[in-house]
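Please have the sequence and the 3D view ready before reading on.

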Amino acid sequence: MSDSLTADITLLGRSEHRLPASPDEASLETFPNRTPGRNYTIHLSAPDFGSLCPVTGQPDAAHVEILYIPDERCVETKSLKFYLASYRNHASFNEAIVNRILDDLVAACAPKQAIVRGRFVPRGGIQLTCEARHPTRDVPLEWPAASLSTAH
């Protein structure tokens, strides 16, 4: 890749970086979309997401999925890995986490459309799945058939 394509990427190819302590400290890095005129989807899956319950301090676990149609920029996956890992010691409600991930994704790369879904491990016999979309559209972006959305 040329320097102009990787100028804003600081994590890729480096192993000495420590994980961010919180989502406030983390950043999502991006790179130019090579085919911005084409509507194609990028599906990112993080089956080992972790955070903390803000009431009990107990760990929460989830499968987080991101589906988006990029515009001018794409999210660099190593920065996404570090960003998602920054939630491990962060206390927040599940719904707030899913909505924050979507907000941060939109702020970083301004996708044409995006969905963030978190399927959290059951607590007290109740399983919570939260989904946030950007923007609200009459014709929604749909999940691929093989995604977590079809698993029960």
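This is a predicted model: local features need pLDDT of at least 70, side-chain atom pairs count only at pLDDT 80 or more; totals for chains, interfaces and linings use all residues.

A residue is called buried here if its relative accessible area is under 20%.

**Aromatic rings**

- A search of the whole structure finds two aromatic pairs, and one of them joins F49 and Y87 in a tilted arrangement, with 5.4 Å from centre to centre and 50° between the planes.
- This pair links distant parts of the chain, since F49 belongs to strand β2 (residues 42–52) while Y87 lies in the loop between α2 (77–85) and α3 (94–109), 38 residues apart.
- F49 and Y87 are both buried.
- Y87 also forms an aromatic pair with Y83, and this one is edge-to-face, with 5.5 Å from centre to centre and 85° between the planes; both Y83 and Y87 are buried.
- Through these ring pairs, F49, Y83 and Y87 are linked into a cluster.

**Strand β5 and its partners**

- In strand β5 (residues 113–120), seven of the eight residues are buried, so the strand is largely enclosed by the rest of the structure.
- Strand β3 (residues 59–69) pairs with β5 in the antiparallel sense over eight bridges, and within this pairing L67 has I115 of β5 as its bridge partner.
- Strand β6 (residues 129–134) also pairs with β5 in the antiparallel sense, over six bridges, and here R133 of β6 stands opposite I115.

Key:
Residues are numbered from 1 along each chain as its sequence is written. Side-chain values use heavy atoms; hydrogens and water are left out. Rings of Phe, Tyr and Trp (its six-membered ring) pair if their centres lie within 6.5 Å; planes under 30 degrees apart count as stacked, over 60 as edge-to-face and the rest as tilted. Helices (H or I, at least four residues) and strands (E, at least two) are DSSP runs, numbered from the N terminus. Buried means under 20% relative accessible area, exposed over 50%, partly exposed in between (1.4 Å probe, protein chains only). Two strands pair if DSSP finds at least two bridges between them.
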